[in-house]
Amino acid sequence: SQKAAYPHLKAYTAFTVDPRDRDRVRDALFGQLILTQRLANGALATATGVQIQGVLDDVYAGKAKRTVFGPVFKGRTAALTVWAPTAHKVSLELDGRTIPMRRDDASGAWSVTGPAAAWRGKEYRYAVTVWAPSVQKVVTNKVTDPYSLALTTDSERSLVVDLDDRSLAPRGWEHYRKPEAVPLRDAQIQELHIRDFSVADPTADADHRGTYLAFTDEKSDGSKHLRELAEAGTSYVHLLPAFDIATIPEKKSEQTTPDCDLASYPADSEKQQEGVTKAAAKDAFNWGYDPYHYTVPEGSYATDPDGTGRTVEFRKMVKALNDDGLRVVMDVVYNHTAASGQAKTSVLDRIVPGYYQRLLADGSVANSTCCSNTATENAMMGKLVVDSVVTWAKEYKVDGFRFD
């Protein structure tokens, strides 16, 4: 039955836990696990580490899949919940205070509640004390929420927000009419990069160039062209990744540009590429395939990356495209993260080490997708994908998704 459940491991030996020891499984998951094989005389023959994803699913996923994570508002109460079944302790750092969180032993989730009025809009992160295989010790990670709905600049902190808050809805957001859906067989799709759409368009508002709001500039050449495409039969705009991206400085003042006169070099010169390469690590351009937080709009495309302004501006962009006669498809990249282990931009792996990433036989993280693969076959990574897609569809009115 184990080999049927994990067919990619069918060539390996299958083991069971002695029924007398099953009550010890939960405690064992809090630390380092080693499987040893000994000879009849007790001599050690071999030893190996243990990958625990399937065990975590068996023990916790049943209830955890029915749990709502991230910030939730209900009446006068705000709640924050994070899945961290292997953590020794989880605390909430909010508004300069450290607040203990309570563990639910059935789901492995940690939660805390507080007054909605006092918590609304506040910055927060979690302090998670957990065994980290990548560094072979227990660490305390200060980490943002995988279910973040809003962020401070450069994703330093999550924000306690309610996407149903009417202050985050643009004028007319609740009741406007979308263009009719077009069957896939008849769909005409135009791919588009949010920043590239307007960053060099002199007819767009100067403050809007390269941002979500450029799509609201009805008189710009870009917007006129989109309306012409819609009239000519284009039915969908496919936006390249627009979730929170790990490697773009979100403040425009911190973004670099090539420190040379590119136009002065001959057409066959290598100096242009040299100058661009020197600035590339911190410039504003990025295709966007390095996800940081899956369910928050990218801050560098907002006029102000700090807080919920990007939420409002993303919604304004979607409405403007719909008003132009175009439905919106969003490129999503749930198949990898920008980093794993103890890296600064690693979120999932610093909360439940070794669970969300797909591991190779030696325990290292697979990177066949160019970055640290995620393991969507694991129940809670699969839940994260579904919950994120539903949020984009419901709260941002995104009409479709292209999965990387």
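Tyr212 and Phe314 are both buried. The model that contains them is predicted. The two rings form an edge-to-face aromatic pair, with 5.5 Å from centre to centre and 65° between the planes. Tyr212 belongs to the loop between helix 5 (194-198) and helix 6, whereas Phe314 belongs to helix 8 (residues 309-323), so the pair ties together parts that are 102 residues apart in sequence.

Phe314 has a further ring partner, Tyr396. Here the centres are 5.2 Å apart and the planes stand at 80°, so this pair is edge-to-face as well. Tyr396 is part of helix 10 (residues 379-396) and Phe314 of helix 8, so parts 82 residues apart in sequence are tied together. Phe314 and Tyr396 are both buried. One aromatic cluster is formed by Tyr212, Tyr301, Phe314, Trp392 and Tyr396. Over the whole structure, the search returns 16 aromatic pairs.

Charged side chains also meet aromatic rings. Arg315 places its charged end over the ring of Tyr396, at 5.4 Å from the ring centre. Lys319 lies over the face of Tyr176. Its distance from that ring centre is 5.3 Å.

Helix 6 was examined next. Its buried residues include Gly222, Ser223, Leu226, Leu229 and Ala230. These residues span an arc of only 115° around the axis, and therefore lie on the same side of helix 6. An α-helix has 3.6 residues a turn, so residues three or four places apart point the same way. The buried residues of helix 6 pack against strand 12 (189-192), helix 5, strand 13 and helix 8.

Ala232 is exposed, because its relative accessible area is 69%, and the cut-off for exposed is over 50%. Gly233 follows helix 6 and has a positive phi, near 120°.

Ala187 is located in the loop between strand 11 (158-159) and strand 12. Ala187 is buried, because its relative accessible area is 16%, and the cut-off for buried is under 20%. With neighbours within four places in sequence left aside, Ala187 is in contact with Val182, Ser235 and Tyr236. Tyr289 is 102 residues from Ala187 in sequence, and their C-alpha atoms are 25 Å apart in space.

Four strands make up an open sheet in the order 3-4-8-7, with antiparallel pairing. Strand 3 (70-74) and strand 7 (102-104) are the edge strands. Each has a single partner strand, so one side of each is left without a neighbour in the sheet. On average, neighbouring strands are turned by 30° against each other, direction ignored. Strands of a sheet pair through backbone hydrogen bonds, either parallel or antiparallel. Strand 4 (residues 77-83) and strand 8 (residues 109-115) pair in the antiparallel sense, over 7 bridges. Within strand 8, Pro115 stands opposite Thr77.

Definitions and conventions
Residues are numbered from 1 along each chain as its sequence is written. This is a predicted model: local features need pLDDT of at least 70, side-chain atom pairs count only at pLDDT 80 or more; totals for chains, interfaces and linings use all residues. Side-chain values use heavy atoms; hydrogens and water are left out. Buried means under 20% relative accessible area, exposed over 50%, partly exposed in between (1.4 Å probe, protein chains only). Two strands pair if DSSP finds at least two bridges between them. Helices (H or I, at least four residues) and strands (E, at least two) are DSSP runs, numbered from the N terminus. Axes are lines fitted to C-alpha atoms, for helices over the stretch in contact, and angles run from 0 to 180 degrees between N-to-C directions. Rings of Phe, Tyr and Trp (its six-membered ring) pair if their centres lie within 6.5 Å; planes under 30 degrees apart count as stacked, over 60 as edge-to-face and the rest as tilted. A charge sits over a ring if NZ of Lys or CZ of Arg is within 6 Å of the ring centre and within 35 degrees of the ring normal. The arc is that of the directions from the helix axis to the C-beta atoms. Contact means heavy atoms within 4.5 Å.
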